[in-house]
Amino acid sequence: MKTKKKLTLRPLGNRVLVQRLEQEETLKGGIILPDSAKKKQESARVVAVGKGKSTDDGKILPMPVKEGDLILMDKYAGQEVTVDDEEFIVLRSDDIIAIIED
């Protein structure tokens, strides 16, 4: 019997793999919002990072974020992907607005 192999994504270049933070689905009055009415969260947790951006002379610029960082990103940035029933976003490091610090 074959077991299902778990897929992994490794971003290339100056790309970052992030996962949006879960948001509250029920309002104070107990009203539950459908997915289409929810506001997309602009904050996310960094899951994986690429090696960095290559310059014209072959040098690699270091990434501004690392795995585990909490970030603020452009609202419509990146490409949404689903892997093993989990949703992720692959975006360029330039689409990251800020790192959220505790």
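Analyst: Happy to; the questions below go from the whole chain to single residues. Please keep in mind that this is a predicted model.

User: What makes up the secondary structure of the protein chain?

Analyst: The protein chain has zero helices and eight strands. Read from the N terminus, the elements go β-β-β-β-β-β-β-β. Of the 102 residues in the protein chain, 25% are buried. The accessible surface is about 8,000 Å², and carbon and sulfur atoms account for 51% of that surface.

User: How do you know which parts of the sequence meet in the fold?

Analyst: Look at contacts between residues at least 6 apart in sequence: 62% of them join residues at least 24 apart. A contact here means heavy atoms within 4.5 Å.

User: What is the order of the strands in the open sheet?

Analyst: Six strands line up as β6-β7-β1-β2-β5-β8, with antiparallel pairing. From one strand to the next, the twist averages 40°.

User: Why are β6 and β8 said to stand at the edges?

Analyst: Each of these two has a single partner strand, so one side of β6 and one side of β8 (96–100) have no neighbour in the sheet.

User: How do you know that β6 and β7 pair?

Analyst: Two strands pair if at least two bridges are found between them. Strand β6 (residues 79–83) and strand β7 (residues 86–92) are joined by five bridges and run antiparallel. Therefore they count as a pair, by the cut-off of at least two bridges.

User: What lies between β6 and β7 in their hairpin?

Analyst: Two residues separate the strands of this hairpin, and D84 in the turn has a positive phi of about 50°.

User: What makes β1 and β7 a pair?

Analyst: Strand β1 (residues 15–20) and β7 share four bridges in the antiparallel sense. Pairing asks for at least two bridges, so this pair qualifies as well. Along it, V16 has L91 in β7 as its bridge partner, while L17 stands opposite V90 in β7.

User: Why is I89 called buried?

Analyst: Its relative accessible area is 3%. Buried means under 20%, so I89 belongs in that class. I89 is found in strand β7. Leaving aside residues up to four places away in sequence, I89 touches V16, L17, V18, R20, M73, A77, G78, Q79 and E80. I89 and V16 are 73 residues apart along the chain, yet their C-alpha atoms are separated by 8.1 Å.

User: And why does I60 get the label partly exposed?

Analyst: I60 has 45% relative accessibility. Partly exposed covers what lies between the buried limit of 20% and the exposed limit of 50%, so I60 takes that label. I60 sits in strand β4 (residues 60–61). Apart from residues up to four places away in sequence, I60 touches K51, G52, K53 and S54. I60 and G13 are 47 residues apart in sequence, with 8.9 Å between their C-alpha atoms.

User: What makes R20 and E80 a salt bridge?

Analyst: The closest N and O atoms of R20 and E80 are 3.2 Å apart. A salt bridge needs such atoms within 4 Å, so the pair passes. This pair links distant parts of the chain, with R20 in strand β1 and E80 in strand β6, 60 residues apart. E80 is partly exposed, at a relative accessible area of 41%.

User: How many salt bridges are found in the whole structure?

Analyst: The search finds two. Besides the pair of R20 and E80, K66 forms a salt bridge with D69, with 3.1 Å between the closest N and O atoms. K66 is exposed at 53% relative accessibility, whereas D69 is buried at 11%.

User: Which residues form the nonpolar patch on the surface?

Analyst: The patch consists of L72, I97 and I100, which together have about 240 Å² of accessible area.

Definitions and conventions:
Residues numbered from 1 in each chain as written. Predicted model: local features only at pLDDT ≥ 70, side-chain atom pairs only at ≥ 80, totals over all residues. Heavy atoms only, no water. Buried < 20%, exposed > 50% of the residue type's maximum accessible area, 1.4 Å probe, protein only. Areas by Shrake-Rupley, 256 points an atom, 1.4 Å probe, with all protein chains shown as cover. Patch = residues over 30% accessible without salt bridge, like charges linked within 9 Å, V, L, I, M, F, W, Y side chains within 5 Å. Salt bridge = Lys/Arg side-chain N within 4 Å of Asp/Glu carboxyl O. Axes fitted to C-alpha atoms, helices over the stretch in contact; angles between N-to-C directions.
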